[in-house]
Amino acid sequence: MDGDELISVLPIHYSNSLSPNVHIHQFPLLSRPLQTPPAAAVSGKRIRARIKPITRRLEIHVPVDPRPEVWNGERSKELGAARQEDDREKNQDVGKMKQMEGEEPRLIEARMRSELIPQEGAYMLGVVRNGQLHLQPISETHQFRPTLTYLDIMSRKSRRSRGDAGSDEDSDDGPPPDPDEPPPIQTTSKKEKKPLEVKEVQVSARKAADDKGNLQGGLSAVRREMLLAIRAEEDEVWEDLDFCDGETAEGHEAFEAVFSQNEEHLECNSDITAFLKGIKGL
């Protein structure tokens, strides 16, 4: 901008020593640091993490604050039972959180699941240290949000307790209607009673397939792929990760690895004219 002064020139150090393990993790709904609450840390609870490497899905489990003034213990039993049933339906075993025999399930942690954000172009992590700019390429960007799917289980149980099980079963019967398919034609029948006629009808049905062997009708190809992707993700097994925050020795070691230790000075063999001519479309 006009009027801005050039204060200093920073030498740039580029390194890909951590590639492809440098991610940006965004927590838009987090109102406090991602740390274990002190009351939970006293009882030995720690933040845990896990990953589905094929679908690139990450999940972070943060222990809740168990103090009675901020946490309802009785309510946590209902939520814990709902989450346990939700995990069982989705075949999502939490592994280390096995409860003892006879112990009631409780909601003792908040889970945040990632959504992979597509990157257009190259992104860099830049840190200025000792008058030098250190750059590391960023391979992935993830946005984390709380998973509250267990509330659907509670809502379903609530409808059943009110005697509305029929409508619930109808709502869970197969996928929702495909917007790409024309709506079914509604037929109206007259209220006049007619004598029933018994007829014998023979019907044969077969599934039509296209040239690639894909079944036609019912679901569009895009919708079918989405449902298959969801099923594949649910069937993939979680792999545990070690969570290390910025105060741990592992965290300090990873932070130091961001900075390049190469002190070799590079000399430019081209001028600005050759550089500009090499830009396509300029």
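Are Arg111 and Glu109 buried or exposed? In this predicted model, in which local features need pLDDT of at least 70, side-chain atom pairs count only at pLDDT 80 or more, and totals for chains, interfaces and linings use all residues, both Arg111 and Glu109 are buried, where buried means under 20% relative accessible area, exposed means over 50%, and partly exposed lies in between (1.4 Å probe, protein chains only). Residues are numbered from 1 along each chain as its sequence is written, and side-chain values use heavy atoms, with hydrogens and water left out.

The chain has seven helices and nine strands, these being DSSP runs numbered from the N terminus (H or I and at least four residues for helices, E and at least two for strands). Of the 282 residues of the chain, 23% count as buried. Among contacts between residues at least 6 apart in sequence, 76% join residues at least 24 apart, a contact being a case of heavy atoms within 4.5 Å.

Six of the strands form an open sheet with mixed pairing, in the order 2-8-5-4-3-9; two strands are taken to pair if DSSP finds at least two bridges between them. The edges of this sheet are strand 2 (23–26) and strand 9 (239–241), each of which pairs on one side only, and the twist from one strand to the next averages 30°. Strands of a sheet pair through backbone hydrogen bonds, either parallel or antiparallel. Strand 5 and strand 8 (residues 140–146) run antiparallel and are joined by six bridges; within this pairing Glu115 stands opposite Gln143 in strand 8, and Leu116 stands opposite His142 in strand 8. Strand 4 and strand 5 also run antiparallel, with five bridges between them, and here Val62 stands opposite Ala110 in strand 5.

Side chains of opposite charge can pair when their charged atoms come close. When a salt bridge is defined as a side-chain nitrogen of Lys or Arg within 4 Å of a carboxyl oxygen of Asp or Glu, the count comes to 17 salt bridges. One of them joins the side chains of Glu59 and Arg113, with a distance of 2.7 Å from N to O. Because Glu59 lies in strand 4 (residues 57–63) and Arg113 in strand 5 (residues 109–117), this pair ties together parts that are 54 residues apart in sequence.

The packing of two helices was examined next. The axes of helix 2 (residues 73–89) and helix 3 (residues 150–161) come within 8 Å and cross at roughly 105°, where axes are lines fitted to C-alpha atoms, for helices over the stretch in contact, and angles run from 0 to 180 degrees between N-to-C directions. The two helices are therefore roughly perpendicular to each other, since angles of 65 to 115 degrees count as roughly perpendicular, those under 35 as roughly parallel, those over 145 as roughly antiparallel and the rest as oblique. Residues of helix 2 including Arg75, Leu79, Ala82 and Glu89 meet residues of helix 3, among them Tyr150, Ile153, Met154 and Lys157. The residues of this contact divide into six nonpolar, no polar and eight charged, where Ala, Val, Leu, Ile, Met, Phe, Trp, Tyr, Cys and Pro count as nonpolar, Asp, Glu, Lys and Arg as charged, and the others, Gly among them, as polar. Ser76 also lies in helix 2 and is buried, with a relative accessible area of 2%; not counting residues up to four places away in sequence, Ser76 touches Trp71, Pro105, Arg106 and Leu107.

Tyr14, finally, is placed in strand 1 (residues 12–14) and is partly exposed, with a relative accessible area of 47%. Leaving aside neighbours within four places in sequence, Tyr14 is in contact with Met124, Leu135 and Pro137. The C-alpha atoms of Tyr14 and Asn262 are separated by 9.3 Å, although these residues are 248 apart along the chain.
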